[in-house]
Amino acid sequence: MFRLLTKSIAPVTKSILLSTVKYNSPLQLSKAEIWRASYPTGSRRSFAEQKAQQQSKEGEEPITPYQPVTEKLDKRDPNYPWKWRSFLPEHTYKPNLNINLERHHTPLDFRDRVARGIVKFLRFFADAFFQKRYGHRAVVLETVAAVPGMVGGMLTHFRCLRRFAPSGGWIRVLLDEAENERMHLVTFMAIAKPNYLERLLVLVTQVGFFAFYTTIYLLSPKTAHRIVGYLEEEAVVSYTEYLKGIDSGLHANIPAPQIAIDYWQLDSNARLRDVVLAVRADEANHRDVNHLKANLLYTKRGEEPAPLSVLRHGEVDPEQVLHKKEKKQ
C-alpha cells in the first residue's frame, strides 16, 4: 500500500519542484552556475584583505616589506585570471633586499660547534661536485633545503597535538619556509635543467638528509635549527658568488622566468640577477629565523611565539634573544 502511494505522489512532486525553478532539469546547470549559487560573489573578504585595505586608506606603513596583493576578484571563479596553481596572489611578496647579509652566529656550546662542522662538511662536497655551476647547484640543493621546514613543521604540529598546546605561529613559519624553498626550486628549474646524474643525486640526498634531519630534530631541536641556520649562511655566500659571476659575465643575465616575476612581484623586465637577489634575501631570512628559534631553545624560551615580523617575511635579529638573557642576569 505504501509503495503504491509513493508511486502516485512522486510524479506530482517532481512537476511542482521543476516549476519552481528556471531550468527544466537540474542536470542542465553548468558547473559555473552551480558554483555561483553555492558561493555568492558578495561574500565577506578575509581579515588580511580588510586590514590591508584599511592600512592603505589610512596611509600606514607596513611593519615589514611584505606586500601581499589584494584584489576584488573572486578566486573561486572558474574564470579567475591567475595561471599559477602553486601559489595565489596573496602569497606573493616583495623581497627584503635591505636585509643584513653579514650576520653570523658564533657557536655558543658544543652542539653549535657540531652543527657548524656538519654544515662545513656538506659545503665541501657541494663545492667539489658543482664548482661554479650555480644554476645546477641551486636546483639540487633547493630540493634538500625544503626538507628542514617540512620536518620541523610536522614534528612541531605533532608535539602541539600531544600537548594540547598552540604553536605560537611556528608551524606556519616552518611550513612557509619549506614552501618558499620549493618555489626557489621551481624557479631555477626554468633556468637550469638537471641531468640524470643530478636527478639521482637528488633522490639519494633527499632520502638520506630527511632521515638524518628527522633524527636530529627528535633528539635536539636546537641543534637541528642551528644546522639550518648555518646552512642558510652558506647559501647566502653561494648566491653572493653567483651574483659576482653574473656581474662579471661568467653567467648570462637572462630574462627572469615569469613565475619568478609573479612570485616576488618583480618588474616585467626583470633579469636573472633580480631573481638571485630575491632568493638570497629569502635565504638570509631563513638564516635569521632558524638561529632565532635555536637561541630561544638555548635560553629555555622555546615556547615563545614567533614575532609578527617573522610571520610576514620581515627581518629579525636572532641575537637579541641572547642580549635579553644577559640583561636579566
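Entry 1, α5 against α8. I am working from a predicted model. I looked up the pair formed by helix α5 (residues 134–163) and helix α8 (residues 221–247), and found them packed at an angle of about 160 degrees, with axes 12 Å apart. Angles over 145 degrees count as roughly antiparallel, and I therefore logged α5 and α8 as roughly antiparallel to each other. The crossing of α5 past α8 is left-handed. On the α5 side I listed Tyr 134, Gly 135, Arg 137, Ala 138, Glu 142 and Pro 148; they meet Val 228, Ser 238, Tyr 239, Glu 241 and Tyr 242 of α8. By class, the residues of this contact are six nonpolar, two polar and three charged.

I checked the length of the helix against expectation. The 27 residues of α8 should span 39 Å at 1.5 Å a residue, and the end C-alpha atoms are 39 Å apart, so the two agree. I also checked burial: 20 of the 27 residues in α8 are buried, and I noted the helix as mostly covered. Just after α8, I found Gly 249 with a positive phi of about 90 degrees.

I next took the α5 and α7 pair, whose axes come within 9 Å and cross at roughly 30 degrees. That angle makes α5 roughly parallel to α7. Here α5 passes α7 in a right-handed crossing. From α5 the contact includes His 136, Val 140, Thr 143, Val 144, Val 147 and Pro 148, and from α7 it includes Glu 198, Leu 201, Val 202, Phe 209 and Tyr 213. I sorted the residues of this contact into 13 nonpolar, seven polar and one charged.

Helix α7 (residues 196–219) has 24 residues and reaches 35 Å from its first C-alpha to its last, which I noted as close to the 34 Å expected at 1.5 Å a residue. Which residues in α7 are buried? I found Glu 198, Val 202, Phe 209, Tyr 213, Thr 214, Ile 216 and Tyr 217. For reading such a list I kept in mind that an α-helix has 3.6 residues a turn, so residues three or four places apart point the same way.

I looked up Asn 290, which lies in helix α10 (residues 272–298). Buried means under 20% relative accessible area, and Asn 290 is buried because its value is 2%. Leaving aside neighbours within four places in sequence, I found Asn 290 in contact with Glu 177, His 225, Val 228 and Gly 229.

Val 275 is buried, with a relative accessible area of 0%. Setting aside neighbours within four places in sequence, its contacts are Thr 187, Ala 256, Pro 257, Ala 260, Trp 264 and Leu 266.

I counted 12 helices and zero strands. Buried residues make up 42% of the 329 residues. Of the contacts with a separation of 6 or more, 75% come from residues 24 or more positions apart.

Note on methods:
Residues numbered from 1 in each chain as written. Predicted model: local features only at pLDDT ≥ 70, side-chain atom pairs only at ≥ 80, totals over all residues. Heavy atoms only, no water. Helix = DSSP H or I, 4+ residues; strand = E, 2+ residues; numbered from the N terminus. Expected span 1.5 Å × (residues − 1). Buried < 20%, exposed > 50% of the residue type's maximum accessible area, 1.4 Å probe, protein only. Axes fitted to C-alpha atoms, helices over the stretch in contact; angles between N-to-C directions. Parallel < 35°, antiparallel > 145°, perpendicular 65-115°, else oblique. Left-handed = near helix turned anticlockwise from the far one by under 90°. Contact = heavy atoms within 4.5 Å. Nonpolar A, V, L, I, M, F, W, Y, C, P; charged D, E, K, R; others polar.
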